Amino acid sequence: MPLLSYEDLSVLLPGMARPVLDGVFLQVEAGEAVALVGESGSGKSVTARAALGLLPPGASTGGRVTVDGCELIGADAATLRAVRTGKASMIFQDPRAAINPVRRVGDFLTEALRLVGGRSKAEAEARALELLAAVGLPDPPRHLRQYPHQMSGGMLQRVMIAGALTADPRLLLCDEPTTALDVTTQAEIMAVLRALQQDRGLGLLLITHDLDLAAASCDRIYVMYAGRIVETATAAELLAAPRHPYTAGLLGSSPPLHGAPQRLTPIPGVPMGLLESAPGCAFAARCRFARPGLCDQSAPELEPAGGRLVACHLADTVLSEVDR
Ligand code: SF4
């Protein structure tokens with residue numbers, strides 16, 4: 001059984017014309033790093049939060065989400081607490097927005113260790129020092145006494161990673177964990193996350209808009225557009241030969257990591273908003289391959305094509321035309 005599993009998850013908010021999430025299938029195995037990639041507003045963060053039972057108020061849901069065998073949709077308070085305090089932890093984008101600015105780093109860490117783990121004050125402090133060392137902070141006793149404003153963004157994100165490990169989770173949910181950081185610090189944080197994930201055999205779901213970062217950090221990638229998974233493959237396959245026009249568009253609009261510089265090609269148009277809906281493919285208005293009478297009439301299902309799963313009516317015929 002996968003550590004994290006979404007089966008046909010749909011989430012509809014009141015007053016919206018289309019679902020935030022529409023039939024999402026996604027799996028993360030224990031010890032596996034998986035990325036969920038898409039533009040802002042595509043539904044990535046809602047997907048990640050659903051793994052902790054944190055869906056928007058008033059949302060109508062369908063399908064299933066399980067973490068380590070626990071069903072999250074419609075779960076009671078005891079199940080939610082068990083998942084949030086022992087099976088899964090989340091690391092958010094902006095560490096300064098996720099920590100109390102008037103309390104010391106040590107309070108932030110030891111409070112969770114004492115409340116959830118039932119440790120004494122001395123045991124909690126000893127464990128907090130271990131965790132700060134594990135995330136690569138150079139002077140754990142000093143950092144334990146510091147306030148958040150005395151630390152850089154990169155150091156504070158390491159503290160947040162240490163905080164996420166206080167409950168010894170099996171699954172780490174990382175929602176754009178490096179977006180607020182500079183490029184060098186970004187690489188350091190991703191290296192810390194990947195090392196912890198591999199050393200401890202954790203499942204990791206990385207939410208990001210950066211396909212190159214996802215490919216460099218993860219084993220498999222899911223690409224999401226307008227609340228639907230449109231392509232999934234191994235990171236190497238996806239980067240080498242994208243099969244969905246949206247995936248190709250993401251790659252074509254970001255600078256290549258290797259080789260000669262190339263002219264960037266932005267994806268035309270804007271993503272479909274929640275107040276818009278269409279009977280066909282949600283990407284049709286932006287897709288250079290769109291075929292009138294087909295793409296604008298029925299939504300493509302996620303089906304095998306080119307050795308992976310792709311949601312595109314023309315996945316087989318546009319394969320050779322889609323390149324970076
Ligand atoms: Fe483009 Fe049609 Fe494929 Fe949608 S189904 S991505 S519009 S070719």
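Predicted model: local features only at pLDDT ≥ 70, side-chain atom pairs only at ≥ 80, totals over all residues.
Visitor: What makes Y225 and F283 an edge-to-face pair?
Guide: Take the distance, then the angle. Three aromatic pairs turn up in a search of the whole structure. In the pair of Y225 and F283, the ring centres are 5.1 Å apart and the planes stand at 80 degrees. Rings pair if their centres lie within 6.5 Å, and planes over 60 degrees apart count as edge-to-face. So the name for Y225 and F283 is edge-to-face.

Visitor: How do you know that the pair links distant parts of the chain?
Guide: Look at the numbering. Y225 belongs to strand β9, residues 220-225. F283 is in the loop between α10 (245-252) and β11 (303-305). The two residues are 58 residues apart.

Visitor: Which residues form one aromatic cluster?
Guide: Y225, Y246 and F283 do.

Visitor: What makes α10 mostly covered?
Guide: Eight of its eight residues are buried. Among them are P245, Y246 and G252. The buried residues of α10 pack against β3, α8 (211-217), β9, β10 and α9 (235-240).

Visitor: Why is Q146 called buried?
Guide: Its relative accessibility is 8%. The cut-off for buried is under 20%. So Q146 counts as buried.

Visitor: Where is Q146 found, and what does it touch?
Guide: Q146 is in the loop between α5 (140-145) and α6. Leaving out residues up to four places away in sequence, it touches R104, V105 and M151.

Visitor: What makes a polar contact with the side chain of Q146?
Guide: The side chain of H143 does, at 2.8 Å. The limit for a polar contact is a pair of N or O atoms within 3.5 Å. The value of 2.8 Å meets that limit, so the pair of Q146 and H143 counts.

Visitor: Why does T47 count as buried?
Guide: T47 has 0% relative accessibility, so it counts as buried. T47 is found in helix α1, residues 44-50. Apart from neighbours within four places in sequence, T47 is in contact with Y6, L21, L36 and M224.

Visitor: How many residues lie between T47 and G227 in sequence, and how far apart are they in space?
Guide: T47 and G227 are 180 residues apart in sequence. In space, their C-alpha atoms are 8.8 Å apart.

Visitor: What is the order of the eight strands in the open sheet?
Guide: The order is β6-β7-β8-β3-β9-β10-β12-β11, and the pairing is mixed.

Visitor: Why do β6 and β11 stand at the edges?
Guide: β6 (88-91) and β11 each have a single partner strand, so one side of each is left without a neighbour in the sheet. From one strand to the next, the twist averages 25 degrees.

Visitor: How do you know that β7 and β8 pair?
Guide: Count the bridges. Five bridges join β7 (residues 171-175) to β8 (residues 203-208), and the strands run parallel. Two strands pair if there are at least two bridges between them, so β7 and β8 pair. In β8, L204 stands opposite L172.

Visitor: What packs on the sheet?
Guide: Helix α6 (residues 153-164) does, touching β6 and β7. The direction of α6 makes about 170 degrees with that of β6. α10 packs on the sheet too, touching β3 (33-37), β9 and β10 (228-234). The direction of α10 makes about 100 degrees with that of β9.

Visitor: Which four strands form an open sheet with antiparallel pairing?
Guide: They come in the order β2-β1-β4-β5. The edge strands are β2 and β5 (70-71), and each pairs on one side only.

Visitor: How do you know that β4 and β5 pair?
Guide: They have two bridges, in the antiparallel sense. The rule asks for at least two bridges, so β4 and β5 pair. V67 has C70 in β5 as its bridge partner. Seven bridges join β1 to β4 (residues 60-67), running antiparallel. Five bridges join β1 (residues 4-12) to β2 (residues 21-28), also antiparallel.

Visitor: How is the chain divided?
Guide: Domain 1 covers 4-87 + 169-323, and domain 2 covers 102-167. Their C-alpha centres lie 31 Å apart. The contact takes 14 residues from domain 1 and 12 residues from domain 2.

Conventions:
Residues numbered from 1 in each chain as written. Heavy atoms only, no water. Phe/Tyr/Trp six-rings, centres within 6.5 Å; stacked < 30°, edge-to-face > 60°. Axes fitted to C-alpha atoms, helices over the stretch in contact; angles between N-to-C directions. Contact = heavy atoms within 4.5 Å. Buried < 20%, exposed > 50% of the residue type's maximum accessible area, 1.4 Å probe, protein only. Polar contact = N/O pair within 3.5 Å; in protein donor to acceptor, adjacent residues only side chain to side chain. Domains from an automatic or database assignment.
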